[in-house]
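Please work through the following exercises with the sequence and the three-dimensional structure in view. Each task is followed by a solution in steps.

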Amino acid sequence: MSPAMLRIGLGHDSHRLGPGTSLVLGGVAIPHDRQALGHSDADVLLHAITDALLGAAALGDIGELFPDTDPANRGRDSAEMLRASLERVVAAGWRIVNLDCVIFAQRPKILPHRTAIRTRIAAVLSIDVGQIWLKAKTGEGVGPIGEEQAIAAECVVLIEKK
Ligand code: CDP
Ligand code: ZN
């Protein structure tokens with residue numbers, strides 16, 4: 001039996017926040033008085049996951065595959081971009097072992113939405129919810145995160161090739 005080949009990937013993303021009614025994180029719309037601003041739907045968590053996956057497989061990055069200069073990517077569903085990136089990774093012979101993610105947001109509380117977000121990400125990636133974990137940290141009230149001018153997310157992913 002040959003050992004599985006393992007690769008790790010890291011993704012990071014941030015977006016500016018402005019007045020709004022909901023914040024989309026991991027494909028789940030959370031009612032909130034601020035929203036993330038960006039060219040696509042500005043889902044900072046799905047963007048970090050997409051970059052982690054592409055990086056693990058050495059297949060590019062989200063800005064390269066879906067340039068924000070292309071009008072086709074305006075308001076684009078981030079789940080669709082993640083799915084398209086996953087398809088490239090799978091076509092190269094890889095499968096996901098697990099993901100671990102962090103959301104950096106002063107508000108809202110993410111913990112009550114954790115199961116919904118994990119379930120949605122699992123569905124997009126066609127993996128088990130147990131292969132995904134998610135945490136959140138405030139900005140301790142300081143800096144762009146703490147002052148609610150920005151939101152950020154990070155993800156590490158492990159992939160394997162038999
Ligand atoms: O206590 P510590 O300084 O390590 O962390 P914190 O940033 O003050 O966050 C405390 C806890 O609140 C975290 O461990 C998360 O479980 C939760 N949290 C959350 O649900 N949503 C956020 N936007 C930030 C933190
Ligand atoms: Zn983004």
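**Exercise 1: The sheet**

Strand 1 and strand 7 run antiparallel and are joined by 12 bridges. The model is a predicted one, in which local features need pLDDT of at least 70 and side-chain atom pairs count only at pLDDT 80 or more, while totals for chains, interfaces and linings use all residues. Residues are numbered from 1 along each chain as its sequence is written, chains are lettered from A and ligands numbered from 1 in the order in which they are written, and side-chain values use heavy atoms, with hydrogens and water left out.

Task: State in which order the five strands form the open sheet.

Solution. 
- Step 1. Strands (E, at least two residues) and helices (H or I, at least four) are DSSP runs, numbered from the N terminus; two strands pair if DSSP finds at least two bridges between them.
- Step 2. Arg-7 has Ile-159 in strand 7 as its bridge partner.
- Step 3. The order is 4-1-7-5-6, with mixed pairing.
- Step 4. Strand 4 (34-37) and strand 6 are the edge strands, each pairing on one side only.

**Exercise 2: The zinc ion**

Task: Identify the residues that coordinate the zinc ion (ligand 2).

Solution. 
- Step 1. Donors are N, O and S atoms within 2.8 Å of the metal (3.2 Å for Na, K and Ca); water is not among the atoms, so sites may look incomplete.
- Step 2. Asp-13 (OD), His-15 (NE2) and His-47 (ND1) coordinate the ion at 1.9 to 2.0 Å.
- Step 3. The spacing of these donor residues in sequence is D-x1-H-x31-H.

**Exercise 3: The cysteines**

Solution. 
- Step 1. A disulfide is a pair of cysteine sulfur atoms within 2.5 Å.
- Step 2. Cys-101 is buried at 1% relative accessibility, and Cys-155 is buried with a relative accessible area of 1%.
- Step 3. A search of the whole structure finds zero disulfides.

Conventions:
Buried means under 20% relative accessible area, exposed over 50%, partly exposed in between (1.4 Å probe, protein chains only).
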